[in-house]
Amino acid sequence: MPSFYDKSLLRYPLIALIGITIAAILALLFFNWIIGVIGIIILSIVLYFLKQADLKIKSMMEDYISTLSYRLKKVGEEALMEMPIGIILFNENYSIEWTNPFISSIFGENSLVGQSLYNVADSLVPLIKQEVNTETITLHERKFKIIIKREERLLYFFDVTEQIEIEKQYEDERTVLGLIFLDNYDEITQGMDDQSRSTINNEITSLLNKWAKDFDIYLKRVSSERFLAVLNENILAELEKSKFLILDEVREKAMIQNVSLTLSIGIGCGVSSLSELGDLAQSSLDLALGRGGDQVAIKQTNGKVKFFGGKTNPIEKRTRVRARVISHALREIIIESDKVIIMGHRFPDMDAIGSALGILKVAQVNGKEGFIIINPDELDSGIERLIFELKQHSELWSWFITPDEANEIMTNDSLLIVLDTHKPSLVIDERLLSKSENVIVIDHHRRGEEFIQDPLLVYMEPYASSTAELVTELLEYQPKQLKMNVIEATALLAGIIVDTKSFTLRTGSRTFDAASYLRAKGADTVLVQKLMKENIENYVQRAKLIQKAVIYKAGIAIAAADYHAEEYFEQVTIAQASDTLLTMNGVEASFVIAMKAEAVIGISARSLGDINVQLIMEALGGGGHLTNAATQLRNTTLEEAEKRLKDAIEEYLGGGEK
């Protein structure tokens, strides 16, 4: 060990002091040799004792360091052998070379030396090979955080069981807010006498209170048709396991009372902020109502939404108050705009084109220019017949423009109206959505997770048969001088007829009212039949698909095109094949899979109502209605698409609707 006085902070001042002392003694010797000798003797004694002190300090320091090294070594050995941290050393063959007692006690053995990691814990070797540095695994019903040191072939095990249990307890006890809405309650009860209204109230309230008591939920009625529910994540998990049977119970109880009353529930969860929970719950409720009600929507923090229920078709509203209000609001927004640009979905159908012509008429009757976007490269044979008829009316056809032309003429004051879809990914040109600040959405599909951001006005009614029906009602409340020519009225009627399968599906009284209005405006039913005619080639293609149909489950038919024949089918052909399968005896739901284009596979789904094909298609990235839905899959094969469809059906039948 270096001398205590070898340190520069002490050495240089000490040398200077000794030098000054020697100089002083030499000066004394010159003047008085006796005093100088005495000074030399005193200096020698001081230097001697200074040296002895240095040696003693050095010896004490060495003893201290020696003792400290021993203690540190002993502590290290005890930590290695006795602390609750597992240590395993292994060789290149994954055989254990050494362990400390703690990890051996976890496995209930005296020694693990010589055993293979495969036998001790088969999940360890894959982690080592995958170059994972840290992971949490379960060993003998306890959770361990593993730290892997590959160069040293060393594993550390930290018991985190209690920590994980506390985290789980925290997550299970996090607050969840639910908003419960009685669908159509005011509309159903407004014509009832006091006794009938009270009976319905008592029955429904008793059911909800019993449900809340069974699951330990705090339930508070905040208005005649709204309830607030406070619960936690653990209770929510139990409700999900029960598939929210309260929906079925309320529906069945209401049917006994001969009323069409259902529940919609919006749930907010996954965050600690109560204000955020409230926003999530309200957003989820809006989503559930936008999909037609009678279901539960659970919006998660990652943006995903879980749906439960939705087993019934949306109930048709008996009044047209909302249609009148929307029509007047639409008129005011159009008047404030410089022009109206109308856009439907890609590969438009009769409903999209027909409703676009209706909105074009709304714009014109209010003194504004209107333009309909159409992509010539995305037209099937059914629409081409309608386009051919429209081209015969040059004045009407002049209002049709391409997506590029729409981008050129759009200004900050232009109004963009999106029809027959609410998903940005499905519109003809998504660029227009980001370019326009004034967007209106009119649609009859059930609302999905994906939605156009910040629209000025939203008119979504899942009860409606078609967007053409909604637009027709809006036309009725426009200025009385509104006049329509035959092709405009016929296109709107064709949209209704195609979407209702000639008034056989999703048809309400207001559907016939709309059809009657259009007929009075000159709609030609013979021309509708002409537009709906199909080619012999399409008929043969549809027959090929139907020939491939098999019964996958009781009541579920699946038809997939030939895996090896690279044949492309139009969307309308796939949909018609699905419709035809649904007419077969014993078929409750039908699914048809075929290639639409290179690397694009279309799936069309239909049901009679007992099976919610919308949820199944949403699991594959699509959407639609309870009885009518579809999706597109890209960069996959027909075989893989069929497997994914079957997995989605199994998931739905198992209750895990997402």
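Two residues are in contact when they have heavy atoms within 4.5 Å of each other. Keep that in mind as we explore this predicted model, where local features need pLDDT of at least 70, side-chain atom pairs count only at pLDDT 80 or more, and totals for chains, interfaces and linings use all residues. Residues are numbered from 1 along each chain as its sequence is written, and side-chain values use heavy atoms, with hydrogens and water left out.

**Stop 1: N407**

Select N407, which sits in helix α16 (residues 403-409). Helices here are DSSP runs of H or I with at least four residues, strands are runs of E with at least two, and both are numbered from the N terminus. Now show the neighbors: leaving aside residues up to four places away in sequence, N407 touches D429, R431, L432 and K435. Is N407 buried or exposed? N407 counts as buried because its relative accessibility is 14%; the cut-offs are under 20% for buried, over 50% for exposed and partly exposed in between, using a 1.4 Å probe and protein chains only.

**Stop 2: the sheet**

Next, color the open sheet, whose 6 strands follow the order β14-β13-β12-β15-β16-β17 with parallel pairing. Two strands pair if DSSP finds at least two bridges between them. At the edges you will find β14 (400-401) and β17 (457-460), each pairing on one side only. Zoom in on β13 (residues 369-373), joined to β14 by 2 bridges. Select I372 and you can find its bridge partner in β14, F400.

**Stop 3: a helix on the sheet**

Finally, select helix α12 (residues 321-336), which lies across β12 (339-343), β15 (415-419), β16 (439-443) and β17.

Technical notes
Axes are lines fitted to C-alpha atoms, for helices over the stretch in contact, and angles run from 0 to 180 degrees between N-to-C directions.
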